[in-house]
Amino acid sequence: LAISVLFLWVQGQSYRLLIEQYVGLEFLGYFGVGMTIASAIASSFETLLMQWLSPSLYKNMKNIEAFPTFFTSVINFVLPLYFFLALFVSFLAVYLVALLVGEKYAQSCVFLVFGIWAEFFRMATNLVAVSAHAKMLTRSLIIPYAVGGVGTLGGVYMAVHSSVYEWAVPLV
């Protein structure tokens with residue numbers, strides 16, 4: 001579990017070290033504001049939703065035969081909610097940045113849009129990871145998280161050396 005968490009950190013936070021060193025603090029500031037707002041919104045939404053769903057998930061984990069069907073219905077319910085959250089934040093990014101951190105950081109709205117879609121995929125994969133937790137197979141998460149972490153670190157390294165880093169970094 002600790003190794004998985006390390007790779008999750010690499011995937012979600014290591015960009016800061018590379019951007020600061022190779023691009024500069026101003027870009028990192030705007031990028032960080034957008035990504036942090038996206039992370040805060042998505043994490044809050046995910047936490048509230050999972051607080052509501054967790055009792056049913058844990059209750060149904062006990063039934064090995066019925067859990068796959070139940071879990072599929074949970075995914076079918078939750079993924080559209082995550083998708084609509086990402087759409088909502090994308091369309092309101094300019095206003096959310098102005099409301100939450102001020103108009104001075106308006107440039108961050110582009111990174112908020114990239115960030116909320118990155119968070120959409122993070123939340124979706126976290127939802128799928130519940131299956132590994134239900135089966136007590138958390139060790140199986142190490143390889144996907146390692147691939148994601150190393151891929152992100154390598155991708156950001158290449159992106160910060162690109163002439164179009166403003167778009168390449170958030171795409172990674």
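I started with the pocket lining: α3 gives the most to the lining of the largest pocket, with 14 residues. Helices here are DSSP runs of H or I with at least four residues, strands are E runs of at least two, and numbering goes from the N terminus.

Before going on, I noted the ground rules: this is a predicted model, where local features need pLDDT of at least 70, side-chain atom pairs count only at pLDDT 80 or more, and totals for chains, interfaces and linings use all residues. Residues are numbered from 1 along each chain as its sequence is written, and side-chain values use heavy atoms, with hydrogens and water left out.

Back to the largest pocket: I got about 1,300 Å³ of space in it. A pocket is an open set of points on a 1 Å grid over the protein atoms alone, where a 1.4 Å probe fits, with protein on both sides within 12 Å along at least five of seven lines; lining residues have an atom within 4 Å of a point. Points are joined across faces, edges and corners, and the volume is the space filled by probe spheres set on them.

I looked up the lining of the largest pocket and found 47 residues, with Leu8, Arg122, Met123, Thr125 and Asn126 nearest its centre. Two or more residues each come from α1 (2-13), α2, α3 (25-61), α6 (109-134), α7 and α8 (165-171). By class the lining splits into 27 nonpolar, 16 polar and four charged. Ala, Val, Leu, Ile, Met, Phe, Trp, Tyr, Cys and Pro count as nonpolar, Asp, Glu, Lys and Arg as charged, and the others, Gly among them, as polar.

**Overall fold**

I find eight helices and zero strands in the chain. I read its C-alpha trace as spanning about 55 × 35 × 20 Å along the principal axes.

**Helix pairs**

I checked α3 against α4 (residues 67-91): their axes come within 11 Å and cross at roughly 170°. Axes are lines fitted to C-alpha atoms, for helices over the stretch in contact, with angles from 0 to 180 degrees between N-to-C directions. That makes α3 roughly antiparallel to α4 (over 145 degrees; under 35 is roughly parallel). By class, their contact (heavy atoms within 4.5 Å) has 19 nonpolar, two polar and one charged residues.

Next I took α2 and α3, whose axes come within 8 Å and cross at roughly 155°. These two are therefore roughly antiparallel as well. The α2 side uses Tyr15, Arg16, Ile19 and Glu20, and I see Phe27, Phe31 and Met35 among the α3 partners. I count seven nonpolar, two polar and two charged residues in that contact.

Last, α2 (residues 15-22) with α7 (residues 142-160): the axes come within 10 Å and cross at roughly 15°. That makes α2 roughly parallel to α7. Tyr15, Leu18, Ile19 and Tyr22 of α2 meet Leu153, Val156, Tyr157 and Val160 of α7. I logged the residues of this contact as eight nonpolar, no polar and no charged.

Key:
Angles under 35 degrees count as roughly parallel, over 145 as roughly antiparallel, 65 to 115 as roughly perpendicular and the rest as oblique.
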